[in-house]
Protein chains: 4
Amino acid sequence: MVWSQTITISPVARTDLADKPFPLCYRRGMTASTDMPNGFDAENQHWISVRVYYEDTDFTGLVYHANYLKYFERGRSDFLRDAGVDHQSLLNRPDPAAFTILKAEIDFKQAAHVDDLLRVRTRFIGTRGARILFDQTVLRGDTVIAQAQITALTIHADGRARRPIAEIVEQLQPLIYQISAE
Amino acid sequence: MVWSQTITISPVARTDLADKPFPLCYRRGMTASTDMPNGFDAENQHWISVRVYYEDTDFTGLVYHANYLKYFERGRSDFLRDAGVDHQSLLNRPDPAAFTILKAEIDFKQAAHVDDLLRVRTRFIGTRGARILFDQTVLRGDTVIAQAQITALTIHADGRARRPIAEIVEQLQPLIYQISAE
Amino acid sequence: MVWSQTITISPVARTDLADKPFPLCYRRGMTASTDMPNGFDAENQHWISVRVYYEDTDFTGLVYHANYLKYFERGRSDFLRDAGVDHQSLLNRPDPAAFTILKAEIDFKQAAHVDDLLRVRTRFIGTRGARILFDQTVLRGDTVIAQAQITALTIHADGRARRPIAEIVEQLQPLIYQISAE
Amino acid sequence: MVWSQTITISPVARTDLADKPFPLCYRRGMTASTDMPNGFDAENQHWISVRVYYEDTDFTGLVYHANYLKYFERGRSDFLRDAGVDHQSLLNRPDPAAFTILKAEIDFKQAAHVDDLLRVRTRFIGTRGARILFDQTVLRGDTVIAQAQITALTIHADGRARRPIAEIVEQLQPLIYQISAE
């Protein structure tokens, strides 16, 4: 049985999570994102938690590579939401807007597996003309699972590219990633 | 522009979330699941939060119907995890096990849209022979978005059906949904 | 460039492909759907081929259950296209329209695996008021893999339900599944 | 029967398809991939057709960016299958093997929409140590929709990287893309 061999893949993966205290207010509740804070840290890095479910894996037992792009997109969406910019309000503008992706460079460093609790770290690098640049990482504990440089673009409702919306750029400006001691 | 018309679909949808206080410990953090508790309530109903992202929608502007099955699966996985049963430990048994779905009946009641913060409510109905029965609902606030009866089955590592594992049934027994005043 | 003709999507545009001889230089081509006919049979059953790829499977090694809903949707879309009704022309109407799903009942009978070449059989049952009824099956050879009753609904561009469009119902009427000797 | 070679994948399962006569009465069939040849051209470029369905789009009305990685994967899988290397037989080796992705660089050039009939062109560039290199393009007619450099890796059943399997490299060697007059 090929498949039965794959079950040994990640025995030690999540020991770092093992002694995280559960929120007291709930009988149980070790699910996903309740135990690690989502949002910005002091260096303007934005964090969310992502649990790996059945849907995310493929027959090799690992997370299917294309799904990391979904994790990165969730990270950017929540970055924007936490910065006060959500997709619905962009759609409700007199000049409706949305985002599209122009370029993605992804390095897949380590495998992830079902049940893994991953973290998506989003660094907003800034705008270059019409381009909006992000540097993003998926981690499990301190282990880098995947890393990506993503170039986004603002589009009109009919799909045509447009320059980033001025007030949004202004809103995001203070959230540009501050390279510190790293 | 066909598309631009779809933007008016859900103007008032999430006003109920608007005045939810953000956790104090974080500068921002209205993202997903930080603000509503995940886990079991007093009636053994299990709850998780699901944010709707780009990946979940289709060109009609609504959540793509098949993706509700993913939300339901996340609900069942977290129900199991919070009951002490996770997929990795099932895979690591001497007789590795996993789940498969035998039957799904889904009613799509209302549309959901990008940015929506949905809740998945999972009620474990019990086992009938080899079958494991769930009653699940996706809600946005008090509005039922989709409802499903799901019949799951335990499988061996080679995909063959097997009876539910005794100690797991025992573990889940106290979590059978208690129909109360409803 | 044989395929350069396909860039015009409309139904008329591709009738002229029917008798295009394949370039002689094509040395192999056992891939998927080239070898089994897609379209209607004598009983108005509509058939398409679906290859199982990495993306369709999960860590159990089997096709992930929600993905059968995708296969069924491909079947309905191609049924409609072959009946002369495609989504783009529905979107381009003065009163833009699309479809949504109201109800889905799915029985998962057998597992499917990566590389499997499946067939989706779509039977159009007819309309019941605003409801459009389909009976669909995924097969591998003569083996039934999954079976579904799907109830669809026509929607306006803003997501509101509407009655089926009269000329489309008329177009589909002759394609109602004829229960024969079966 | 060109594809009859692929039916040996899961021994018993689909042999009964081999001598199934096609229904004579197939009246329509302009769906997807029946009308354009899949396989290798004279320059060792491999081609498949991909139809855009509901599942592939997002609320902007365009194909969701991560789904292009799925299209590219289908292209590579069919490239391998047409070269005589399928995933099932790799899994059935005494030393079971599969592929994982190490690096992906994708440029999104143009948007694609529901109903579009796209073509995936796969060029096998060769191996560099353990790395297997592909250059892939999604086109609609002559228009480049997306372009990718993909680096794959052979893995053991437990997810560890391994060198490409010698006989597979040998099998693929003659299929390295021949840069011609282009």
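**Helix packing and chain contacts in a predicted model**

H2 of chain A and H1 of chain D are roughly antiparallel to each other, a label for angles over 145 degrees. This is a predicted model, in which local features need pLDDT of at least 70 and side-chain atom pairs count only at pLDDT 80 or more, while totals for chains, interfaces and linings use all residues. Residues are numbered from 1 along each chain as its sequence is written, chains are lettered from A in the order in which they are written, and side-chain values use heavy atoms, without hydrogens and water.

**The A–D helix pair**
- Helix H2 (residues 66–82) of chain A packs against helix H1 (residues 66–82) of chain D at about 175 degrees, with the axes 8 Å apart.
- A:Ala66, A:Leu69 and A:Lys70 meet D:Ala66, D:Leu69 and D:Lys70 in this contact (heavy atoms within 4.5 Å).
- Four of the contact residues are nonpolar, none polar and two charged.

**A closer look at B:Phe59**
- You will find B:Phe59 in the loop between strand E2 (46–51) and helix H3 (67–82) of chain B.
- B:Phe59 has 6% relative accessibility and so counts as buried (under 20% relative accessible area, 1.4 Å probe, protein chains only).
- Its partners include C:His87, C:Leu91 and C:Ala98, along with D:Tyr54 and D:Val114.

**Where B meets C**
- 29 residues of chain B contact 29 residues of chain C.
- These two chains bury about 2,500 Å² between them, 64% of it on carbon and sulfur atoms (accessible area lost on being put together, 1.4 Å probe, summed over both).
- Two salt bridges are counted between chain B and chain C (a Lys or Arg side-chain nitrogen within 4 Å of an Asp or Glu carboxyl oxygen).
- B:Asp107 and C:Lys103 form a salt bridge, with the closest N and O atoms 3.1 Å apart.

Terms used: Axes fitted to C-alpha atoms, helices over the stretch in contact; angles between N-to-C directions. Helix = DSSP H or I, 4+ residues; strand = E, 2+ residues; numbered from the N terminus. Parallel < 35°, antiparallel > 145°, perpendicular 65-115°, else oblique. Nonpolar A, V, L, I, M, F, W, Y, C, P; charged D, E, K, R; others polar. Buried < 20%, exposed > 50% of the residue type's maximum accessible area, 1.4 Å probe, protein only. Lists of a residue's contacts leave out its neighbours within four places in sequence.
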